[in-house]
Each structure stands twice: as C-alpha cells, then as structure tokens.
Amino acid sequence: MTRVTSHKPNRPIWFELMTTDAEKARAFYQQVLSWTYDINGPEYGYYALALADGAPAAGVGQLRPEDQMPPAWTVYFGVTSAEDTARRITEAGGQVMVPPMDVGDVGRMAVCQDPTGAVFGLWQPMTHPGAMILNEPGAMAWSEVNTRDAAAAAAFYCKVFGLRDEVM
C-alpha cells in the first residue's frame, strides 16, 4: 500500500469530482472502488473525502444549480504558493478561472485553464495535505491531459510546473 505522508510541489496532489448528484456518485464509486466517505458539514457544502483503505484518495462535491460548469473530475497540482503559481500560469498563456482562495484552514485552492482549454486546479496544503494513498487499488494511479494540441499543453505544464514531457 502506497501511503503518502507528504507531496513534492508541482505534482498532482488531489483529485476531485464535482457533480450534479454527489449522493449517486458516492454510491457508484463505493461499488466500483470500495470507497467509504468522510462527509463534511454545511460550511463545506457537504464535500466528501473519498477514503481508500481508510486514507483520503479523492473528493466528491455537489455542484449547485447556479454553478456554470459541467460535472467533471479535476486534478489539482500541489503548490507552495497558489498566488505565485497563478501568476506563472497567466504569464505562460493560461487563465486563472477561480483565483486563489482559502478553504477554511485546510488549504488554498484555485481553478485554472491551460492555453488549450484543459481545466486543472492548484492546492496549497495547510491541514489537508492531499491524497494520502496513491497507485493502489481504489486510489488514483494516472493523470493525463486530453487536448487537441499536445505540444502546446506540454510546453505550458513544463514551464509552469517544471515538468518534462516524454513520448510514450
């Protein structure tokens, strides 16, 4: 079991499903991945931490009727400064859709878009370090960007997060 106690900056750290029917999604992933849930109260919109073998693996949240986004999974990159990373994103041709904001005392988040239109998030951990289990049954094991311009997306993520691209 790959338990994570800390994350390297600029790597995927959290995985979140925002959906129009969080209860139905939780039931589905409970059947498919054996997730159990730690559901927060109204101050966090009843956001659920999905647990794999008792460790946080992902989040499942409820979209509100006024939210202007479709149901989707979002990958969050762990960062040491959401503000500095948001600045690098705009300098590299991306867009900050939801500026950095506090999520209680658990962390700071932002929602961004790369120059090809792919959406991703930033997570600056405070009391919530991100996924504590990876690469195991029931946990996230792969993240990829689906885009029509792989070269532009690769250049962006390499510039902003210091990643390197490899041909598979």
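Helices (DSSP runs of H or I, at least four residues) and strands (E, at least two) are numbered from the N terminus. By this convention, phenylalanine 161 lies in helix H3, which covers residues 150–161. The structure is a predicted model, in which local features need pLDDT of at least 70 and side-chain atom pairs count only at pLDDT 80 or more, while totals for chains, interfaces and linings use all residues. Residues are numbered from 1 along each chain as its sequence is written, and side-chain values use heavy atoms, with hydrogens and water left out.

**Overall architecture**

The protein contains 3 helices and 8 strands. Read from the N terminus, the order of these elements is β-α-β-β-β-β-α-β-β-β-α. The C-alpha trace spans about 40 × 40 × 30 Å along its principal axes. The radius of gyration, taken over C-alpha atoms, is compared with a globule rule of 2.2 Å times the number of residues to the power 0.38. For 168 residues a compact globule would have a value near 15 Å, and the protein agrees with this because its value is 16 Å.

A contact means heavy atoms within 4.5 Å. Among contacts between residues at least 6 apart in sequence, 60% join residues at least 24 apart.

**Surface and charge**

Accessible areas come from the Shrake-Rupley method with a 1.4 Å probe, and for residues only the protein chains shown count as cover. The protein exposes about 9600 Å², of which carbon and sulfur atoms supply 54%. A residue is buried under 20% relative accessible area, exposed over 50%, and partly exposed in between (1.4 Å probe, protein chains only). Of the 168 residues, 42% count as buried.

The table lists the relative accessible area of selected residues.

| Residue | Relative accessible area | Class |
|---|---|---|
| Alanine 110 | 0% | buried |
| Cysteine 112 | 0% | buried |
| Phenylalanine 161 | 2% | buried |
| Cysteine 158 | 23% | partly exposed |
| Aspartate 53 | 54% | exposed |

For charges, Lys and Arg count as positive and Asp and Glu as negative, whereas His and the chain ends are not counted. The place of a charge is NZ of Lys, CZ of Arg, CG of Asp or CD of Glu. The mean positions of the 12 positive and 19 negative charges are 5 Å apart.

Phenylalanine 161 is buried. Leaving aside neighbours within four places in sequence, phenylalanine 161 is in contact with Asn10, Arg11, Phe77, Val79, Thr85, Phe120 and Leu122. Its C-alpha atom is separated by 31 Å from that of threonine 20, which is 141 residues away along the chain.

Alanine 110 belongs to strand E7 (residues 107–113). Alanine 110 and phenylalanine 120 are 10 residues apart in sequence, and their C-alpha atoms are 8.7 Å apart.

**Cysteines**

A disulfide is a pair of cysteine sulfur atoms within 2.5 Å. By this rule the count is 0 disulfides. Cysteine 112 is in none, and the nearest cysteine sulfur, in cysteine 158, is 17 Å away. That separation is too far for a bond.

**Backbone angles**

Most residues other than glycine have a negative phi. Asparagine 10, which is not a glycine, has a positive phi of about 70 degrees, and it is placed in the segment before strand E1 (12–19). Aspartate 53 also has a positive phi, near 50 degrees. Aspartate 53 lies in the loop between strand E3 (48–52) and strand E4 (55–62).
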